[in-house]
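Subject: Structure handover

Hello,

Please find the structure below, with the sequence. My notes on it follow.

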Amino acid sequence: MKTRDRKYASEAVNRVSAVKETASEVDRNRYGAMAHQLPILIRSAGLAQALAFLETREFIGHQLLLNDLAATVGLPDTLVQRARVAPLEEYMHLTRQVMAALLWYKRFAQSILDIKASDVVKDANLAPVPDVKASSTEDKEK
């Protein structure tokens with residue numbers, strides 16, 4: 001009998017390998033970058049909000065990751081909807097499942113897609129907002 005982690009690892013390696021073979025380089029990079037960024041987004045905004053954000057993205061790489069993640073946790077086509085309406089206990093369990101699966105997607109994005117954490121270019125919507133006040137204060141001092 002496979003443990004949940006072994007199941008997630010097996011599923012993730014197959015899906016990330018398929019992305020490497022079938023997706024364009026731009027989509028592979030977006031897929032890998034989002035695999036790195038999504039756990040952070042889930043921790044800061046919550047599962048439902050992070051998945052809704054990913055669902056609204058028009059990039060193929062982002063949609064592939066969402067579809068692969070949903071299939072890995074056993075909720076193809078219903079993961080986003082389930083996260084929106086789940087009672088608290090189920091929502092917390094679903095969050096743990098998604099985070100466990102994302103750990104493998106992130107690892108395989110690094111090894112199979114050759115996406116490095118230091119090379120991940122943040123999506124414009126996830127990038128930190130520059131501190132305008134600090135910049136204007138520095139300009140006045142000069």
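A term for burial comes first: a residue is called buried under 20% relative accessible area, exposed over 50% and partly exposed in between, using a 1.4 Å probe and protein chains only. By that rule Asp77 is exposed, because its relative accessible area is 79%.

This is a predicted model, in which local features need pLDDT of at least 70 and side-chain atom pairs count only at pLDDT 80 or more, while totals for chains, interfaces and linings use all residues. Residues are numbered from 1 along each chain as its sequence is written, and side-chain values use heavy atoms, with hydrogens and water left out.

Overall make-up

The protein has seven helices and zero strands, so the order from the N terminus is α-α-α-α-α-α-α; helices here are DSSP runs of H or I with at least four residues, strands are runs of E with at least two, and both are numbered from the N terminus. Of the 142 residues, 41% count as buried. The protein exposes about 8600 Å², and carbon and sulfur atoms supply 54% of that area; accessible areas come from the Shrake-Rupley method with a 1.4 Å probe, and for residues only the protein chains shown count as cover. Contact means heavy atoms within 4.5 Å. Among contacts between residues at least 6 apart in sequence, 76% join residues at least 24 apart.

The core

A nonpolar core is a set of buried Ala, Val, Leu, Ile, Met, Phe, Trp, Tyr and Cys residues joined through side-chain atoms within 4.5 Å. The largest one here has 44 residues, and those with the most contacts inside it are Leu38, Ile42, Leu47, Leu79, Val98 and Tyr105. At least two residues of this core come from each of α1 (4-22), α2 (25-45), α3, α4, α5 (79-85) and α6 (88-111). The largest share, eleven residues, is from α6.

Which residues does Tyr105 contact, leaving aside its neighbours within four places in sequence? They are Glu11, Ala12, Arg15, Val16, Tyr31, Ala35, Leu65, Asp68, Leu69 and Thr72.

Two of these partners have entries of their own. Thr72 is in helix α4 (residues 60-72) and counts as buried because its relative accessibility is 2%. Not counting residues up to four places away in sequence, Thr72 touches Lys7, Tyr8, Glu11, Arg15, Ala101 and Tyr105. Ala12 lies in helix α1 and is buried, at 0% relative accessibility. With the sequence neighbours up to four places away not counted, Ala12 touches Trp104, Tyr105 and Phe108.

Arg107 is found in helix α6 and is partly exposed, at 40% relative accessibility. For Arg107 and His36, 71 residues apart along the chain, the C-alpha separation is 8.8 Å. Met34, in helix α2, is buried with a relative accessible area of 1%. The C-alpha atom of Met34 is 9.6 Å from that of Ala109, 75 residues away along the chain.

Two packed helices are described by the angle between their axes and the distance between the axes. Axes are lines fitted to C-alpha atoms, for helices over the stretch in contact, and angles run from 0 to 180 degrees between N-to-C directions. Angles under 35 degrees count as roughly parallel, over 145 as roughly antiparallel, 65 to 115 as roughly perpendicular and the rest as oblique.

The axes of helix α3 (residues 47-56) and α4 come within 8 Å and cross at roughly 135 degrees, which makes α3 oblique to α4. In this contact Leu51, Leu54 and Glu55 of α3 meet His62, Gln63 and Leu66 of α4. By class these are three nonpolar, two polar and one charged; Ala, Val, Leu, Ile, Met, Phe, Trp, Tyr, Cys and Pro count as nonpolar, Asp, Glu, Lys and Arg as charged, and the others, Gly among them, as polar.

The axes of α3 and α6 come within 10 Å and cross at roughly 55 degrees, so α3 is oblique to α6 as well. Here Leu47, Ala48 and Gln49 in α3 meet Tyr91, Leu94, Thr95 and Val98 in α6. That contact has five nonpolar, two polar and no charged residues.

Loops

Asp77 lies in the loop between α4 and α5. Its phi is near 70 degrees, a positive value in a residue other than glycine. Asp114, in the loop between α6 and α7 (132-141), also has a positive phi, near 60 degrees.

Regards
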